[in-house]
Amino acid sequence: MRGDCKMAHLLIVEDDYDLAEITKINLMHAGYTSDNAYTGNQAEKMLEENRYDCILMDIMLPDNTGDILCSSIRERFSCPVIFISCLDNSSNIVTALNCGGDDYVVKPVNYDILCARIDANIRRFKSQTPDFKDGPLRRFKSLIIDTLRRRVIQNGKEINLSSIEYSLLLYMSERPDTLLLYNDLYNHVWERDSYGDIRTVMVHISNLRKKIDAEHTGIIETVRGAGYIFCDV
């Protein structure tokens, strides 16, 4: 039984019935409960009827693609989404992350690694840091971060961020005017070593910028070949 995310409830979106059942059994032995959805429509219906701590999603579905389904889910739900796919090329990984995915696992699945990633994503999503000087609100030039409710406000309007985007922004905002290396961001936000793969960080930072800095005012500065600096102070 896993201790840190004990009894987490998962949704497995996988059109291969046998693989979905094998995944469910392995996750049950690891201490999770889970439901299986075999189509995109079934997944959306189950999301409306149940609360899930994390979604595991295949990219290829009989009635939809995982990236389109993820984009639809992101309009209403913010729990972590981990893609599980046999497609391991860069373009598919980037597409999955761009549409709101938090992580990407390539088949065949190592279930110990998958469980570790599920735990890390759930911990990050549920984590709160309300111990700032002015309480749960962090105020910057253009942004207000409400750490208690996990909300980001800009010009009086709430910005809809994925759990990864929020975690990146929060981590950087805690270290303003400081160069944060790609590996540093990966280690602290994804809670594991990047092994030199910085694409995941770059894609999520790009998505974050589109939401909080569409006018390119320099809220997050890029240091080419090194990392990023949070400059909204």
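The largest nonpolar core here has 27 residues, and Leu169, Met172, Ile212 and Ile220 have the most contacts inside it. A nonpolar core is a set of buried Ala, Val, Leu, Ile, Met, Phe, Trp, Tyr and Cys residues joined through side-chain atoms within 4.5 Å, with buried meaning under 20% relative accessible area (1.4 Å probe, protein chains only). Keep in mind that this is a predicted model, where local features need pLDDT of at least 70, side-chain atom pairs count only at pLDDT 80 or more, and totals for chains, interfaces and linings use all residues. Residues are numbered from 1 along each chain as its sequence is written, and side-chain values use heavy atoms, leaving out hydrogens and water.

- Apart from it lies another core of 23 residues, including Leu11 and Tyr52.

**The helix pair**
- The axes (lines fitted to C-alpha atoms, for helices over the stretch in contact) of H7 and H8 come within 9 Å and cross at roughly 85°.
- H7 and H8 are therefore roughly perpendicular (65 to 115 degrees).
- Tyr182, Leu185 and Tyr186 of H7 make the contact (heavy atoms within 4.5 Å) with Thr200, Val201 and Met202 of H8.

**The sheet**
- Five strands (DSSP runs of E, at least two residues) form an open sheet in the order S2-S1-S3-S4-S5, with parallel pairing.
- Strands pair if DSSP finds at least two bridges between them; four bridges join S4 to S5.

Terms used:
Buried < 20%, exposed > 50% of the residue type's maximum accessible area, 1.4 Å probe, protein only. Axes fitted to C-alpha atoms, helices over the stretch in contact; angles between N-to-C directions. Parallel < 35°, antiparallel > 145°, perpendicular 65-115°, else oblique.
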